[in-house]
Amino acid sequence: MPQNHYRKCFVKLVQVICLLTLFHTIDGICNPFRNSSENVSQSTVPIIWVLGGPGSGKGTQCAKIVEKYGFSHFSTGDLLRDEVASGSDKGKELQEIMKKGELVSNAQVLSLLETAMKKVTNSKGFLIDGYPRQKDQGAAFEEAIAPVDLILYFECRDETMVARILHRASQSAEVRADDNEDTIKTRIATFSKNTNEILVLYPQQTRRIDAERGVDDIFGDVQNFIDATLAIKVAS
């Protein structure tokens with residue numbers, strides 16, 4: 001009799017454990033970003049914002065960072081263009097905003113970014129390209145995900161950025177609605193105003209980089225800043 005009793009208790013215990021495991025698995029599937037955001041905030045991997053005006057070369061530098069460090073790269077510009085290309089109602093709304101050279105709302109950009117980040121596991125680092133674009137977005141990002149560790153700001157003269165974008169447009173088979181000179185100048189002016197407001201809030205995390213130089217020279221500075229940040233994260 002005692003053996004049967006213990007056997008029944010053991011079976012019930014196994015059943016409870018299985019049910020708890022199942023509930024945990026379902027919860028992880030239904031709430032992936034909640035678990036992901038907790039891991040990001042508690043991990044030793046860096047969160048890096050990459051800022052620079054249109055044509056500053058930050059996209060090229062992001063590609064080199066990903067190649068060297070294996071970070072997860074999220075470009076808000078690409079996320080926006082992908083949504084436009086999807087032809088969804090949301091994409092059509094975004095397209096009209098971008099045609100005018102205006103900024104997409106904070107809520108819309110953060111929503112796209114969150115959705116993309118939900119899919120990432122075991123990242124070596126998070127490279128956020130082109131975000132935040134307004135000071136309120138920085139606070140929203142840190143509240144929803146985690147504090148930023150490093151801000152790489154690629155500084156470039158307005159005339160250099162305009163010339164680079166126009167050259168890129170002339171060489172590309174893809175026609176972008178926002179690649180005309182008037183819209184470019186509007187984008188640059190908007191970017192400069194908003195970025196200055198962002199950077200004053202993060203003096204300790206911000207590293208300014210002269211983006212008028214060659215790609216490799218620029219990346220040399222980038223590596224130094226990232227390596228220093230990695231060392232701090234590991235030590236902490």
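Phe 191 lies in helix α9, which spans residues 181-199; helices (H or I, at least four residues) and strands (E, at least two) are DSSP runs numbered from the N terminus. The model is predicted, so local features need pLDDT of at least 70 and side-chain atom pairs count only at pLDDT 80 or more, while totals for chains, interfaces and linings use all residues. Residues are numbered from 1 along each chain as its sequence is written, and side-chain values use heavy atoms, with hydrogens and water left out.

**Surroundings of Phe 191**
- Phe 191 counts as buried because its relative accessibility is 17%, where buried means under 20% relative accessible area, exposed over 50% and partly exposed in between (1.4 Å probe, protein chains only).
- Phe 191 touches Gly 52, Gly 53 and Tyr 153, leaving aside residues up to four places away in sequence; contact means heavy atoms within 4.5 Å.
- Although Phe 191 and Gly 53 are 138 residues apart along the chain, their C-alpha atoms are separated by 6.3 Å.

**Backbone features**
- Most residues other than glycine have a negative phi, and most peptide bonds are trans.
- Asn 122, which is not a glycine, has a positive phi of about 55°.
- Asn 122 belongs to the loop between α6 (106-117) and β3, and this residue is exposed because its relative accessible area is 77%.
- Tyr 131 and Pro 132 are joined by a cis peptide bond with omega of about 5°.
- Pro 132 sits in the loop between β3 (126-129) and α7 (135-144).
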